[in-house]
Structures are given as structure tokens and as C-alpha cells.
Amino acid sequence: MSDPLRRIDALVEEDTLPTLKVRRQLRLAAGLTQAEVAQAIGVKRLAIVRWEAGAAQPHRGNRLAYAHFLRRLAAKYPDAAVEGASDEG
């Protein structure tokens, strides 16, 4: 399977998260802060910081919510869902 197909599959799977860089790019493309994302998912801002840095992974319930959130952002901002995209706001 080619890399683009893997990236698409990763964004479509129910609880699969995109790469750390893509997570950040999607949030920035939407103009959201880590605190805003945390509030939407129902976690503390530090959780989002750690999830974006790869220092921790969300547990199942939060993982599903976070993956859903990122899929929605990817649909709205497809250019930000690409690994090589600029994450400059």
C-alpha cells in the first residue's frame, strides 16, 4: 500500500491517530489553542500538549473523541492533513 493510502486509512480508522506533526497542523489550521481542544474533548490542556508531543497516548474513550475531532478537522482542512504541510498559522 502506498504512503498516501496509509495516511488516508489512518485518518479514517475509528481510533487511529495521525502523526504528531499532523495533529498539530490540523489544530493550527483550525486556529485552535491546545486549551480549546482540551475543553472540547473534556481533558486538561496538558493532555493535549503531551498527545501532540508524543509523550503520552490518550486512553480509549479520549482516543476515540480525539481521533473523531482530528478526522473532522482533516475533512475541513485537507491540506493540513498532509505530513509535509507547513504548520505555520
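Helices here are DSSP runs of H or I with at least four residues, numbered from the N terminus. The model is predicted: local features need pLDDT of at least 70, side-chain atom pairs count only at pLDDT 80 or more, and totals for chains, interfaces and linings use all residues. Residues are numbered from 1 along each chain as its sequence is written, and side-chain values use heavy atoms, with hydrogens and water left out.

Start with helix α2, residues 20–29, which holds Arg27. Arg27 has a relative accessible area of 8%, so this residue is buried (under 20% is buried, over 50% exposed, in between partly exposed, with a 1.4 Å probe and protein chains only). Leaving aside residues up to four places away in sequence, Arg27 touches Leu32, Thr33, Gln34, Val37, Glu52 and Leu73. Contact means heavy atoms within 4.5 Å.

Now look at a helix pair. Two packed helices are described by the angle and the distance between their axes. Helix α3 spans residues 34–41 and helix α4 residues 45–53; their axes come within 8 Å and cross at roughly 110 degrees. The axes are lines fitted to C-alpha atoms over the stretch in contact, and angles run from 0 to 180 degrees between N-to-C directions. Therefore α3 and α4 are roughly perpendicular, a term for angles of 65 to 115 degrees. On α3, the contact uses Gln34, Ala35, Val37, Ala38 and Ile41; on α4, Arg45, Ile48, Val49, Trp51 and Glu52.

Finally, find Asp79, in the segment after α5 (60–76). Its relative accessibility is 66%, so Asp79 counts as exposed. Asp79 and Val22 are 57 residues apart in sequence, with their C-alpha atoms 10.0 Å apart in space.

Key:
Helices (H or I, at least four residues) and strands (E, at least two) are DSSP runs, numbered from the N terminus. Angles under 35 degrees count as roughly parallel, over 145 as roughly antiparallel, 65 to 115 as roughly perpendicular and the rest as oblique.
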